[in-house]
Structures are given as structure tokens and as C-alpha cells.
Amino acid sequence: MTAPPTTRPTPVLAAVDVTKHFAVRAGVGSRAVVRAVEGATLDLHRGRVVALVGESGSGKTTLARLLAGFYAPTSGEIALEGAPVRQRRGRVERGYHKDVQLIFQDPFGSLNPLHRVRHNLERPLRLHHGVRDRAELDRRVGELLERVALTPADQFADKFPHELSGGQRQRVVIARALAVEPKVLLGDEPISMLDVSIRLEMLNLLDRLRTEDGLALLYITHDIASARYLCDDVVVMYAGEMIEGGPKEQVIADPLHPYTRLLVESSPDPARGARDREALFDAGADDLGEPPSLIDPPPGCRFHPRCPFAKDVCRTQAPPRTDVGEGRWTRCWLHATDPTATSQETE
Amino acid sequence: MTPPAPHDDLLRVTGLTVDYVTDGDPVRACADVTFTLRRGEILGVAGESGSGKSTLVTALSRLQRPPAVTTAGSIEFRPRGGDAVDLVTASPRTLRSLRWTSVSIVLQSAMDALNPVMRLGAQFADALRTHDRTLSRQAAWDRAAELLTTVGISGDRVRSYPHELSGGMRQRAGIALALACGPDLVVMDEPTTAVDVVMQRMILAQVLCLRRELGFAVVFVTHDLSLLLELADRIAVMYAGRVVELGTAQELYEAPRHPYTRGLRDSFPPLRAPLRRLTGIPGSPPDLRRPPSGCPFHPRCAERFAGCDTHLPDLGPAGGDGHLVACRLYDAAPGRDRTVTLEGSAR
Ligand SMILES: Nc1ncnc2c1ncn2[C@@H]1O[C@H](COP(=O)(O)OP(=O)(O)OP(=O)(O)O)[C@@H](O)[C@H]1O
Ligand SMILES: Nc1ncnc2c1ncn2[C@@H]1O[C@H](COP(=O)(O)OP(=O)(O)OP(=O)(O)O)[C@@H](O)[C@H]1O
Ligand SMILES: [Mg+2]
Ligand SMILES: [Mg+2]
């Protein structure tokens with residue numbers, strides 16, 4: 001391993017050039033590979049929040065599951081406090097989940113449906129903190145439910161998951177992750193089903209955890225405005241690859257990559273007002289093009305078929321990662337030296 | 001006998017009340033909900049997590065399961081070229097004949113709608129072939145692939161199982177399935193929570209475009225008020241199982257009447273304006289087993305006055321074109337039934 005280039009401390013959790021492929025059936029008897037994540041590199045630091053945004057199906061959940069140790073990378077490495085994470089038979093060492101907790105995207109599938117909320121929350125308290133005392137368990141469960149605004153707590157504790165609304169389940173899932181008191185929290189769209197006011201309360205809660213307890217947080221979301229509210233840095237994914245990253249204000253106000261630009265411009269913005277909606281949506285209908293297949297991704301830059309600025313090199317060669325200073329980088333030929341152009345000039 | 005609905009009303013919901021009957025007090029998740037939906041209209045439903053939105057839409061599409069019980073009210077539905085039916089009292093057989101072809105639903109948990117052990121294509125083929133018995137298996141699968149492309153999933157994924165899709169892809173497949181048989185009414189419960197905003201715009205553009213072509217009406221539930229402002233013709237805001245405000249998207253954004261709606265509007269983190277800490281709506285949502293007396297919002301309301309804790313305001317005119325609000329601040333608005341509300345005017 002090379003020494004870190006700056007004085008920045010070792011990240012709590014890092015993905016180093018991680019790739020994940022899935023084998024699927026493509027037709028009768030034939031198999032194909034879904035290239036869900038390719039060459040992803042990401043650092044999570046104490047007390048910092050990184051927002052992971054991007055296309056639906058671009059590999060965000062897969063990356064979160066890799067970081068959480070639920071998948072073994074096809075290549076590359078996950079490192080916890082600098083030490084590579086080893087997996088045996090698809091499982092991480094016990095204890096890993098004491099440090100790293102994942103909030104699953106689908107709150108409907110991730111709670112044990114046979115048990116009441118109380119039991120779902122007591123499990124991590126017993127497992128990771130060895131709490132056995134009845135009164136202590138009750139106290140902690142009550143505290144957790146209050147933190148996620150599920151009050152009266154004693155009433156919610158006795159409900160079964162199917163008796164909760166979507167947003168209430170999401171908050172139980174958040175409470176369960178908080179029960180562990182992890183060093184790293186990976187939130188996969190953790191508040192997507194909450195209304196704006198409770199959403200705000202959860203964002204403020206996460207913000208407190210990061211400032212007071214030094215939690216490192218990965219926040220996966222489609223809500224760019226909430227990412228801007230909570231996070232420090234933004235990373236954008238498209239078709240299995242990371243295409244842009246940097247401090248939030250710069251990335252959102254002045255995107256480098258054309259896909260990031262499209263993403264920010266498409267965000268619902270109440271400040272824009274209820275303008276002519278047909279126009280707003282018509283603009284989206286045909287011009288945006290189809291999302292790429294990850295079984296057979298486009299050659300060159302994966303965004304080129306939809307990119308208004310695509311030039312020859314974009315169709316044939318994958319753009320390298322270009323650092324543009326101030327912690328910003330992108331993978332786009334608009335910001336890199338075009339090798340075909342230079343070779344023509346030198347000829 | 002109620003008079004026949006005017007020709008362009010597709011749905012007339014009157015006094016709909018739904019309880020969850022478990023041991024202890026019942027949870028009244030829908031209380032006296034009344035509204036009409038015009039043919040081809042998009043009605044947005046917004047509101048706090050746990051305010052009864054999913055309960056309302058499952059009741060509308062008659063997909064509710066025990067312990068949910070519709071204890072009062074009617075849902076008059078007038079399908080094209082058919083007789084009006086009251087969905088509350090209709091027989092299971094009638095309801096089955098309406099499913100997919102007249103009323104279809106996109107559930108909040110996409111996993112519930114898709115069968116986990118069936119390939120996507122097979123599920124689409126099932127729905128398509130109950131609708132059109134002459135359709136061959138192959139033709140149905142081809143049509144399925146076509147429908148998937150309309151929601152941005154490449155046709156080669158028809159052979160996938162739901163777990164092989166990303167969260168957003170599952171949601172999109174659910175939308176395509178709901179539109180498959182050309183229904184009169186499509187009910188969508190948080191259909192795009194896991195979809196990126198670019199894709200969301202694309203899908204909604206498709207939905208709007210198909211609506212122009214096929215003329216179906218949509219009830220669209222989401223916590224994402226900013227999206228509704230751009231998409232919906234009218235918006236209903238729910239609080240504690242009740243509709244507390246109903247009006248056009250524009251009125252609702254520019255001049256929200258109910259203090260709760262105003263709180264919602266002011267809870268959005270901005271996409272571009274300078275960031276400041278937002279506090280949302282203070283207090284927590286009511287316990288639906290023991291809702292507060294009077295106006296259910298009064299414990300959290302900054303504008304409450306004498307009598308709000310004892311008088312339940314009804315949904316009535318609040319000035320503006322058909323704008324309705326349930327709040328005693330508007331007791332003096334023209335068109336109000338003064339007799340019900342006079343006592344409270346101690347303001
Ligand atoms: N178990 C699996 N088997 C096969 N393919 C998979 C599997 N899990 C994910 N994929 C594929 O990998 C790609 C990335 O999926 P992933 O769930 O990581 O996307 P995502 O960015 O989280 O999307 P979304 O925003 O819609 O949740 C998708 O094309 C998906 O179909
Ligand atoms: N099976 C059930 N038994 C008892 N209570 C239930 C049941 N299902 C839902 N509830 C309660 O009914 C209320 C309304 O739930 P509903 O799912 O309609 O809310 P929602 O508005 O869709 O919320 P969200 O935005 O979080 O999805 C909630 O307080 C919920 O706890
Ligand atoms: Mg995902
Ligand atoms: Mg719901």
C-alpha cells in the first residue's frame with residue numbers, strides 16, 4: 001500500500017477500486033453478466049457525510065451492500081480503518097456489523113414480520129451490547145423510538161411491522177441501526193417515504209449523530225436538496241460507475257459532468273413554482289434517451305448515447321478520472337485531455 | 001338515492017371511514033373522507049407519514065385486508081361504458097372483473113405487487129391475458145418487453161426475477177404493469193420513491209402522455225409535495241386520517257390555507273437558495289387510537305385559538321376556485337355553513 005497523499009486520517013471505511021458482477025440468465029440456457037459496479041473508490045470519514053446520488057439501477061445499493069459486507073467484491077477491496085475486510089464463504093467476520101450498519105432501501109422486507117417492533121429493536125441491543133436486563137431493554141427501546149419520532153413509544157413498541165405505515169417502518173429500521181451505535185452508517189434511501197417535516201427531523205437527527213458522536217455516514221438518496229442540506233461531499237453514479245465527486249455546493253451549483261447537470265436540473269424545485277407542467281414533462285419525454293443496459297454497456301463513456309456534447313473519443317474510450325482541484329473530480333472527456341486530439345496534433 | 005354523478009365524474013367518495021380493528025381501541029386511519037375525481041384528472045394526495053394515505057388508496061382499490069374495515073361511506077365508480085358501482089358494497093366477483101382493466105394500483109411496497117418467484121414477463125403475461133384472452137403467450141411476453149421499455153427498463157430484462165432488479169426498477173415495473181390493460185383509474189402509492197429524478201420525469205412524462213391517449217385518471221400518493229405541485233391537477237392534504245385541504249396545485253403552493261399545509265411547504269430544504277437550519281413542524285403526529293379532541297392539528301398549531309381544542313372543523317370553502325379547507329381560521333369565508341361554526345368565532 002502507498003502512503004496517503006495528504007495528512008487526512010485513514011478513512012473509517014473505504015472502497016478501493018471495487019467491482020461487482022452478477023451472473024444472470026439472459027435467455028433459455030444462456031448466461032450474462034450484469035456489471036452492477038465497476039471501479040468504485042470511496043472514503044468515509046469520522047463525522048463526515050457523503051451523499052451518493054445517481055441513476056436508478058446505477059449500482060448505489062450494490063455498493064452499499066459491498067461496504068456492509070453483504071456481498072464479496074468481484075475485484076477490489078473494502079477496508080475498515082485501513083484493514084482489508086475478509087470474507088469467508090460470503091460472510092464477514094462477526095463483529096463487523098457492530099461497526100458498520102446498513103439501513104436497507106426496502107423497509108417492507110427488512111424487519112422480521114413475525115416479531116413486534118420491540119423485539120426487532122431488542123435484538124441488536126442484546127447481540128451487540130449484551131443488554132439483558134428487562135427494565136434496561138425497555139428503557140433503551142423507548143429512547144430509540146422517541147429519537148425517531150415514533151411516539152407514544154410504548155404503543156409503537158407493541159406493533160407488528162405490518163401494522164405500520166411505510167414511513168413508520170422506515171423509522172423503525174433507522175432506530176434498529178442506531179441501536180447498534182455503529183461507527184459507520186450506510187443509509188440506502190433511509191427517509192424516502194417520509195413526509196418533508198419528519199424527513200427534516202431525521203436529517204437533523206443524523207446531523208447530530210455525526211457532530212456529537214462522530215458517525216461516518218453514507219447517504220444514498222434521490223433527493224438532491226436533502227443531500228445538500230445534510231452532506232459534506234457528493235458522489236454521482238451512472239451505469240455502474242462513479243462519474244463525479246466533490247464538495248456539495250460546487251457539485252450541485254456547477255456540475256462538471258453532463259449527467260450531473262441533467263440530474264440537478266430535473267430535481268423538483270418548489271421554488272420554481274407550479275409552472276406549465278406539460279412543458280416541464282414534455283421536455284423530459286423523448287430527448288433524455290434510454291438508460292443503458294448494464295449487461296452490455298455502451299463502449300467508451302457510458303453516458304455518450306444520451307450526451308449532448310458527445311464527440312468521437314467519447315464513443316470509443318472510457319474517460320479517465322480527472323482531478324480539477326478543490327477536491328473535485330469527474331470522468332468526462334470535456335474535462336480531460338483527449339488522447340486522439342493530441343495524437344493528431346503531434347502527427 | 002343519490003342523484004347520478006355528472007358525466008365527467010369518475011369517482012365520488014363520500015364519508016369514507018376506515019378503521020384498523022385490533023385489540024384495544026380501533027385505529028381510525030381514514031375519517032369521513034369526501035372528494036370527487038374527474039375523468040382523466042390527476043389528484044395528488046400528500047400528508048404526514050401515518051396520516052392514512054395508503055389506507056385511503058387501498059380502500060379505493062378495494063385491496064384492503066383485515067384488520068382494515070370500511071365502517072362508513074361509499075365509493076361510487078363509473079367505468080367507461082359501464083354502470084356505476086359502489087366499490088364499498090360490490091361483490092368480490094365484480095371487484096375481480098374490475099381489477100387491472102378498470103382500476104389498477106401501484107403499491108407502496110413494489111415487492112408486494114410483484115410475485116418474487118415469477119419472472120417479470122410471466123407476471124405481465126398473466127395480467128394481459130386475463131384482459132385479452134385471445135393473446136398468445138409469445139405475444140404477451142413481447143408486449144411485456146415493450147411495456148418495460150416505456151418505463152426505461154431494457155426489454156432483455158423480461159426474464160429477470162424481481163430480486164434481480166434494483167429498487168427503482170421494481171417500482172417502474174409495477175407502474176408498467178398497472179398501465180398494461182388500459183384502466184380508467186390508476187392508483188399510485190409512492191410509485192417513484194426509489195427512482196432518480198431524471199427517470200422520474202421520464203416516467204411521469206410517459207404517464208401524462210398515455211393519459212392523454214387513454215384518458216385514465218390518477219390518484220397519486222406521495223410525500224413529495226414539490227413533485228405533486230408540478231404533476232397534479234388538484235392536491236388533497238391529509239392529516240390524521242382526514243382531508244384538511246383540497247385545491248389546485250397552484251393555489252396550494254401560492255396560498256396554502258391550512259397551517260399544516262403551510263408548515264409542509266416551509267419544510268423543504270432549498271435546492272439553490274442559501275442553506276439555513278430548518279425546524280419543520282414542531283410536535284409529533286397524533287395517536288390515531290386516541291386522536292386529540294377538536295381539530296386534530298391543534299396541539300401543534302401555532303395559530304390555534306379558543307375552541308380549536310373542542311370543535312372539529314369541517315372541510316369547506318376557503319375562497320378561491322373550489323378551494324376547500326378544514327380550519328376554523330376560515331369560518332368567515334364566503335359560502336361557509338355558518339351555523340356549524342359560529343360558536344368558535346371568539347377570535
Ligand atoms: N442479485 C442481483 N442479481 C442480478 N442483478 C442484480 C442483482 N442486484 C442488483 N442487480 C443489478 O445491478 C444493477 C444495479 O443495481 P442497484 O440495486 O445497485 O442499483 P441502485 O443504484 O441502488 O438503483 P435504485 O436507485 O433503483 O435503487 C441493476 O441493473 C440491477 O438489476
Ligand atoms: N394493519 C394495521 N393495524 C393497525 N394499524 C395500522 C395497520 N396498518 C396501518 N395502521 C396504522 O394506520 C395509520 C395509517 O397508515 P397508512 O399506511 O395509511 O399511512 P400513510 O399515510 O400511507 O403513511 P406513509 O406515508 O408512512 O406510508 C398509521 O398510523 C398506521 O400505524
Ligand atoms: Mg437502490
Ligand atoms: Mg403509505
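This is a predicted model: local features need pLDDT of at least 70, side-chain atom pairs count only at pLDDT 80 or more; totals for chains, interfaces and linings use all residues.
**Entry 1: A:Glu122**

I started at A:Glu122, which touches A:Arg134, A:Leu137, A:Asp138 and A:Val141, not counting residues up to four places away in sequence. By contact I mean heavy atoms within 4.5 Å. A:Glu122 is found in helix α3 of chain A. Helices (H or I, at least four residues) and strands (E, at least two) are DSSP runs, numbered from the N terminus. Is A:Glu122 buried or exposed? I noted it as buried, with a relative accessible area of 4%. My terms here are buried for under 20% relative accessible area, exposed for over 50% and partly exposed in between, with a 1.4 Å probe and protein chains only.

Residues are numbered from 1 along each chain as its sequence is written, chains are lettered from A and ligands numbered from 1 in the order in which they are written, and side-chain values use heavy atoms, with hydrogens and water left out.

**Entry 2: chain A overall**

I looked up the make-up of chain A and got 13 helices and 14 strands. Of its 347 residues, 56% are buried. I also checked contacts between residues at least 6 apart in sequence: in chain A, 64% of them join residues at least 24 apart.

**Entry 3: the magnesium ion**

Which protein atoms are the donors of the magnesium ion (ligand 3)? I found A:Thr61 (OG1) and A:Gln105 (OE1), lying 1.9 to 2.2 Å from the ion. A:Thr61 lies in helix α1 (residues 60-67) and A:Gln105 in the loop between β8 (100-103) and α3 (117-129), so the pair ties together parts of chain A that are 44 residues apart in sequence. Donors are N, O and S atoms within 2.8 Å of the metal (3.2 Å for Na, K and Ca), and water is not among the atoms, so sites may look incomplete. A:Thr61 is partly exposed at 25% relative accessible area, whereas A:Gln105 counts as buried at 14%.

**Entry 4: nonpolar cores**

I went for the largest nonpolar core next, and it has 73 residues. Such a core is a set of buried Ala, Val, Leu, Ile, Met, Phe, Trp, Tyr and Cys residues joined through side-chain atoms within 4.5 Å. The residues with the most contacts inside it are A:Leu145, A:Leu185, A:Met202, A:Tyr259 and A:Leu263. I followed up A:Leu185: leaving aside neighbours within four places in sequence, its contacts include A:Gln101, A:Ile103, A:Leu206 and A:Leu217. A second, separate core has 64 residues, including B:Val106, B:Ile153, B:Leu225 and B:Val237.

**Entry 5: α10(A) against α7(B)**

At what angle do helix α10 (residues 258-266) of chain A and helix α7 (residues 197-214) of chain B pack? I noted about 60°, with the axes 8 Å apart. Axes are lines fitted to C-alpha atoms, for helices over the stretch in contact, and angles run from 0 to 180 degrees between N-to-C directions. That makes α10(A) oblique to α7(B). Under 35 degrees counts as roughly parallel, over 145 as roughly antiparallel, 65 to 115 as roughly perpendicular and the rest as oblique. On the α10(A) side I listed A:Tyr259, A:Leu262, A:Leu263 and A:Ser266, and on the α7(B) side B:Val197, B:Val198 and B:Arg201.

**Entry 6: A:Asp269**

A:Asp269 lies in the loop between α10 and α11 (277-285) of chain A. A:Asp269 counts as buried at 13% relative accessibility. Across to the other chain, A:Asp269 touches B:Glu230, B:Leu271 and B:Arg272. I also have 8.6 Å between the C-alpha atoms of A:Asp269 and A:Ala225, which are 44 residues apart along the chain.

Most residues other than glycine have a negative phi, and most peptide bonds are trans. I flagged the peptide bond from A:Thr151 to A:Pro152 as cis, with omega near -5°. A:Pro152 sits in the loop between α4 (134-147) and α5 (153-157) of chain A. A:Glu181 has a positive phi of about 55°, and its place is the loop between α6 (166-179) and β9 (184-188). For A:Glu326 I also have a positive phi of about 55°. A:Glu326 is in the loop between β13 (322-325) and β14 (328-330) and is exposed, at 65% relative accessible area.
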